[in-house]
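Me: I have a model open and want to go through a few parts of it. Can we start with how the strands pair?

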Amino acid sequence: MNGIINIGRNGFTSTEAIKQAVKALSNGQLIAVPTDTIYGIAALAQNNQAVDALYRIKRRDQKKPIAICVSDIRDIPKWGKITIPLSLLEDLLPGPVTVVLERTSELNPNLNPDTSLVGIRIPNHSFLQAVTKVCNQCLALTSANISSQSNTLSVEEFRELWPHLEYVFDVGRLDDNSKRLGSTVIDLSVPGYYKVIRKGCAYDETIKKLHHFNLKKQNEDL
């Protein structure tokens with residue numbers, strides 16, 4: 001590991017820190033980053049070796065999908081087929097929500113090869129958005145922990161993973177407020193319907209938004 005880089009409590013950071021993160025990712029390395037919920041580990045989603053390393057260091061079941069992160073809603077159609085109004089997507093993202101869509105052929109076929117779907121995130125965090133934008137690629141993004149262990153709110157909580165990471169970008173301890181639950185994961189791959197995959201930390205607010213746009217829960221009328 002090259003080191004821990006403090007990027008400030010609110011994630012406001014220098015251009016140099018962003019460059020370091022992008023360089024590491026471009027070289028196929030893994031970095032730890034803060035999000036709007038928990039700390040995560042990021043890698044280039046289109047890089048097979050980086051994705052393999054992500055699974056390996058987390059001791060994660062290869063059949064368990066990993067979400068991707070983009071910097072802007074306009075990036076989503078490249079990787080997932082949008083089935084909902086753009087205004088709903090704009091209500092949900094950026095924020096602590098992962099939308100699950102049918103994947104496009106552009107996405108690395110070796111990322112989550114056992115499913116036709118992909119979870120897509122735009123965390124409401126300035127540093128991660130800046131890094132993703134400069135990379136100009138989607139990032140594989142997953143929680144900074146060993147699989148089945150608790151999600152982490154400080155870098156000390158995933159010290160075991162440090163040796164496998166090129167950089168750890170530290171903003172101090174993240175606020176809890178049940179965010180240790182991680183993002184709310186909603187399957188929106190079926191037009192007009194939604195399916196809750198994980199309630200997460202924004203469940204109630206997310207369901208209200210879905211109902212406002214008259215989406216129905218899967219199996220109610222399917």
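Reply: Fine. Strand 2 (residues 31-34) pairs with strand 9 in the parallel sense, over two bridges. Keep in mind that this is a predicted model.

Me: Which residue of strand 9 does Ile31 stand opposite?

Reply: Ile31 stands opposite Tyr167.

Me: And strand 1, how many bridges does that make with strand 9?

Reply: Strand 1 (residues 3-6) and strand 9 are joined by four bridges, in the parallel sense. Gly3 has Tyr167 as its bridge partner there. Tyr167 is also the residue opposite Ile31.

Me: What about the faces of strand 9, covered or uncovered?

Reply: Both faces of strand 9 (residues 167-170) are covered. Tyr167 and Phe169 are buried on one side, and Val168 and Asp170 are buried on the other.

Me: Which face of strand 1 is covered?

Reply: The one with Gly3 and Ile5. Ile4 and Asn6 make up the uncovered face.

Me: Change of topic. How much space is in the largest pocket?

Reply: About 710 Å³. The lining of the largest pocket has 32 residues, and Arg60, Pro65, Ala67, Val185 and Arg198 lie nearest the centre.

Me: What is the lining made of, by residue type?

Reply: The lining of the largest pocket has twelve nonpolar residues, 15 polar and five charged.

Me: Which strand gives the most to it?

Reply: Strand 7, with four residues. Strand 6 (97-103), strand 7 (117-121), strand 8 (139-143) and strand 11 (193-198) each supply at least two residues of that lining.

Me: Next, Ser189. Where is it?

Reply: Ser189 is in the loop between strand 10 (184-187) and strand 11.

Me: Why does Ser189 count as buried?

Reply: Because its relative accessibility is 17%, and buried means under 20%.

Me: What does its side chain make a polar contact with?

Reply: The side chain of Ser189 makes a polar contact with the side chain of Asp187, at 2.6 Å.

Me: Which residues is Ser189 in contact with, leaving aside neighbours within four places in sequence?

Reply: Thr83, Val100, Leu101, Glu102 and Leu117 are in contact with Ser189 on that basis.

Note on methods. Residues numbered from 1 in each chain as written. Predicted model: local features only at pLDDT ≥ 70, side-chain atom pairs only at ≥ 80, totals over all residues. Heavy atoms only, no water. 1 Å grid on protein atoms, 1.4 Å probe; cavity = no way out; pocket = protein on both sides within 12 Å on 5 of 7 lines; lining within 4 Å. Points joined across faces, edges and corners; volume = space filled by probe spheres on them. Nonpolar A, V, L, I, M, F, W, Y, C, P; charged D, E, K, R; others polar. Buried < 20%, exposed > 50% of the residue type's maximum accessible area, 1.4 Å probe, protein only. Pairing = 2+ DSSP bridges. Polar contact = N/O pair within 3.5 Å; in protein donor to acceptor, adjacent residues only side chain to side chain. Contact = heavy atoms within 4.5 Å.
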